[in-house]
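Subject: Structure handover

Hi,

Here is the structure we talked about. Please load it, then read the notes below.

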Amino acid sequence: MASTPGEQDLISGQLSAAAATVWIERWDAQQQHLYMPDREERFTALIDAVEEGAGRKDPLVLDLGCGPGSLAVRLLARMPAATVIAIDADPVLLALGRAAHADLPGLRFAEADLRTPGWPTELGLGRRPDAAVSTTALHWLPPEALAALYAELADLLAPGGLLLNGDHMSEEPESAPVLIKLAKALIEREGERHRPDVEAEDWSQWWAAALADPALAGLAAKRDALAFGAGHHGSPSGRLSTHVSALRAAGFAEVGTLWQRGDNRLLCAVLPG
């Protein structure tokens, strides 16, 4: 396991680009090795959909719950003329993204809580976004906040705009218990096939190490005040029907799965043109 970035990587109490990059590499590793062995494939499918469906080479894209910017930088590597506004409320992950990618053209990080109505007013948009994207983030929202988010996006996106959400979204337990069991088994088996031989850092270990870094520890109190809890596991926001119903109620004309492996899927919603 990589050691905590040292004092030589800190500049005036701030995390340098080099140190932030180390933390992001560790973040990506624990996400893929332990939780999403097909993470890069999901990223690729999502970016394919933006490239094919945005209708222009220079789309304006909102990355919702961006974390340290893992999806945003991959999207810009494929579509360098795009503009991506990477949105999150977590001060630690935003600090990492800003430090590591400060000089990346087309990328801007914005601090906003997607649970708060009116969050788009904080973005300073010059035009309507062509797409909103998210990966492994929106299941944190309670169902009422998720429905409100989708309604705001329906009003915000350009006509024909896309919403692309990559996440684990299960069928209803009451109506599809066998499908749920099989979907879980597929993901677990794939995880076993891709798991590294050495012990991998998990999500909790990553956070414990990151918040012990002197350059990030000062953000811990601010992060705690946002009340990010673990209660999202088993939440209705982890169910496919919750997303589909909220998207249709918000006014999206088409809603369907573009890519799937087990319950890991890329859900796409399209506004009327």
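Contact here means heavy atoms within 4.5 Å. Helices (H or I, at least four residues) and strands (E, at least two) are DSSP runs, numbered from the N terminus. This is a predicted model: local features need pLDDT of at least 70, side-chain atom pairs count only at pLDDT 80 or more, and totals for chains, interfaces and linings use all residues. Residues are numbered from 1 along each chain as its sequence is written, and side-chain values use heavy atoms, with hydrogens and water left out.

Helix 1
Helix 1 covers residues 17-35. Its buried residues pack against strand 2 (14-15), helix 2 (39-53), helix 3 (70-78), helix 4 (91-100), helix 7 (203-212) and helix 8 (214-217). Buried means under 20% relative accessible area, exposed over 50%, partly exposed in between (1.4 Å probe, protein chains only). Among the buried residues of helix 1 are Trp23, Trp27, Arg26 and Asp28.

Helix 4 on helix 7
These two helices pack at about 70°, with axes 12 Å apart. Axes are lines fitted to C-alpha atoms, for helices over the stretch in contact; angles run from 0 to 180 degrees between N-to-C directions. Helix 4 is therefore roughly perpendicular to helix 7 (65 to 115 degrees; under 35 is roughly parallel, over 145 roughly antiparallel, the rest oblique). Helix 4 brings Val92, Leu93 and Leu96; helix 7 brings Trp206, Trp207 and Leu211. By class, that is six nonpolar, no polar and no charged residues. Nonpolar covers Ala, Val, Leu, Ile, Met, Phe, Trp, Tyr, Cys and Pro; charged covers Asp, Glu, Lys and Arg; the others, Gly among them, are polar.

Seven strands form an open sheet, order 5-4-3-6-7-9-8, with mixed pairing. Two strands pair if DSSP finds at least two bridges between them. Strand 5 (107-111) and strand 8 (254-261) are the edges; each has a single partner strand, so one side of each lacks a neighbour in the sheet. The twist averages 20° from one strand to the next. Strands 3 and 4 (residues 83-88) run parallel, joined by five bridges. Leu62 has Ile85 of strand 4 as its bridge partner.

Helix 5
Helix 5 lies across strands 3, 6 and 7, at about 155° to strand 7. Its buried residues include Leu146, Leu149, Tyr150 and Leu153. They belong to the buried set that packs against strand 3 (60-64), strand 6 (131-135), strand 7 (162-168) and helix 10 (240-250).

Best regards

How values were computed: Expected span 1.5 Å × (residues − 1).
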